[in-house]
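Please consider the following note on side-chain contacts.

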Amino acid sequence: MTPLIVFLQAQGDGGMGMILMLVAMFAIMYFFMIRPQQKKQKEIQNFRNRIEKGQEVITAGGIYGIVRDIDEVKNVLILEVASGVRVRVDRNSVFASAASTETYAK
């Protein structure tokens, strides 16, 4: 910490301006990069918590399926990917609703 104080004293007013510039750069990065990413993560988590039986979803691996059962204790979903074919996936691996991706494709 002492070398920083010596450096700032040697800089005079320029040192304080540099610190203010660094703080301003961090604030800009926070509002344009970090905060939107946090909001997006919160939105995805809210979606995962609202998943219901019968809903079409897409896993992070790209598997489309319909939710047939939900195990709240183990945090697991049973997806039907084809007629009679069921896959057990972790709830956190569900990426999006299949209905929401169809609107982007149009």
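1. The side chains of Glu80 and Arg68 form a salt bridge at 2.5 Å, N to O; the term denotes a side-chain nitrogen of Lys or Arg within 4 Å of a carboxyl oxygen of Asp or Glu. Because Glu80 belongs to strand β3 (residues 76-82) and Arg68 to strand β2, the pair ties together parts that are twelve residues apart in sequence. Strands (E, at least two residues) and helices (H or I, at least four) are DSSP runs, numbered from the N terminus.

2. Glu80 is buried, at 16% relative accessibility, whereas Arg68 is partly exposed, at 34%. Buried means under 20% relative accessible area, exposed over 50%, and partly exposed in between (1.4 Å probe, protein chains only).

3. This is a predicted model, in which local features need pLDDT of at least 70, side-chain atom pairs count only at pLDDT 80 or more, and totals for chains, interfaces and linings use all residues. Residues are numbered from 1 along each chain as its sequence is written, and side-chain values use heavy atoms, with hydrogens and water left out.

4. Three salt bridges are found in the whole structure. One of them joins Asp69 and Lys53 at 3.7 Å, N to O. Asp69 lies in strand β2 (residues 64-71) and Lys53 in the loop between α2 (13-49) and β1 (56-59), 16 residues apart. Asp69 is partly exposed at 36%, and Lys53 is exposed at 56%.

5. Glu72 and Arg91 also meet in a salt bridge, at 3.4 Å, N to O. Glu72 is exposed, with a relative accessible area of 55%, while Arg91 is buried, at 6%.
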